[in-house]
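Reader: I'd like to learn how to read aromatic pairs in a protein model. Could you walk me through it?

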Amino acid sequence: MAHASIFRNRWLPHVLILPQLVLTLAFFIWPAGQAFQQSLFVEDPFGLGAVFVGWDNFAILLEEESYLESVRVTLFFSVAVAVCSLGFGLLFAVFADRVLKGAAFYKTLIIWPYAVAPAVAGVLWLFLFNPTVGVVAHLLGEWGIEWNHTLNGNQALFLVVLAASWKQVSFNFLFFLAGLKAVPLSLVEAAAMDGAGPWRRFWTILFPLLSPVAFFLLVVNVVYAFFDTFGVIHQVTGGGPDGATNILVFKVFHDGFLGLDLGGSAAQSVVLMLIVTGLTIIQFRVIEHRVHY
């Protein structure tokens, strides 16, 4: 039975949550309101004035083929990054959980990429796959695969998915490993004594008990793919070639800061926020019912 916390001072709960409310107001509510207000205007690139246009910026977006293509690229990119980073994070956690000697060394190697900034991670993978001097690109050439992600859109998309997933695998690995450590060993041993193989023990015991962790990581990874991969895209491909890696968050930056279309860029950021909010609500409404707490 859960016991509710009792505060003798009626103002203490309000004081405790005040820092979080201030941060949310300053770094989310206020910028979101400013973006929505700006999306209703067409502003002079030099800040000399603004004209109220209502919903015209949103209507233009829905008729812009490059924006719709960016939405398709973003959805594919986000699904690919979430699947790869979650899949490899879980795989490495299962393997590391079974290592008896030198476990700390292997865990440290897997955790290292999380300390690397997204932009630095992008530069690293850019050097490895550089068509002229990249080691991996050279090896692919010897195997008969002509690699040039600056001209081939599919190769560019594959490269940014690889770089973004590699950056996030460490984060997922830590949570999955902590979840595996929390599973009672007696349950696994009892299943083994009943004749259940490793695969059956994983899917019938371990994975259901990991479902709260997996659900949390799914939400975090989707948000990461939509917002935090800007540095990777900027360093590796710059949205090219021909818009093949121009995901929504990079297009907001490109159109707003480089193209000086401030109203259109603000409208894009509002739509992007609505998309991520909608996906998060769907995840909580649909997938959370399958989670066993």
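Author: Let's go through some ring pairs, one by one. Keep in mind that this is a predicted model.

Reader: How many aromatic pairs are there by this rule?

Author: The count comes to 21 aromatic pairs. Take Phe 171 and Phe 175, whose rings form a tilted pair, 4.9 Å centre to centre with 45° between the planes.

Reader: Where do Phe 171 and Phe 175 sit in helix H7?

Author: They are 4 residues apart in that helix, which spans residues 153-181, so about one helical turn separates them.

Reader: And is Phe 171 buried or exposed?

Author: Phe 171 counts as buried, because its relative accessibility is 13%.

Reader: What about Phe 215 and Phe 284?

Author: Those two make an edge-to-face pair: their centres are 5.1 Å apart, with 85° between the planes. Phe 215 belongs to helix H9 (residues 198-228) and Phe 284 to helix H12 (residues 262-287), so this pair ties together parts 69 residues apart in sequence.

Reader: How do I read the accessibility of Phe 215?

Author: With 6% relative accessibility, Phe 215 counts as buried, while Phe 284, at 38%, counts as partly exposed.

Reader: Which residues do ring pairs link into a cluster?

Author: Look for Trp 125, Phe 129, Trp 147, Phe 158 and Trp 166, which ring pairs join into a cluster.

Key. Residues numbered from 1 in each chain as written. Predicted model: local features only at pLDDT ≥ 70, side-chain atom pairs only at ≥ 80, totals over all residues. Heavy atoms only, no water. Phe/Tyr/Trp six-rings, centres within 6.5 Å; stacked < 30°, edge-to-face > 60°. Helix = DSSP H or I, 4+ residues; strand = E, 2+ residues; numbered from the N terminus. Buried < 20%, exposed > 50% of the residue type's maximum accessible area, 1.4 Å probe, protein only.
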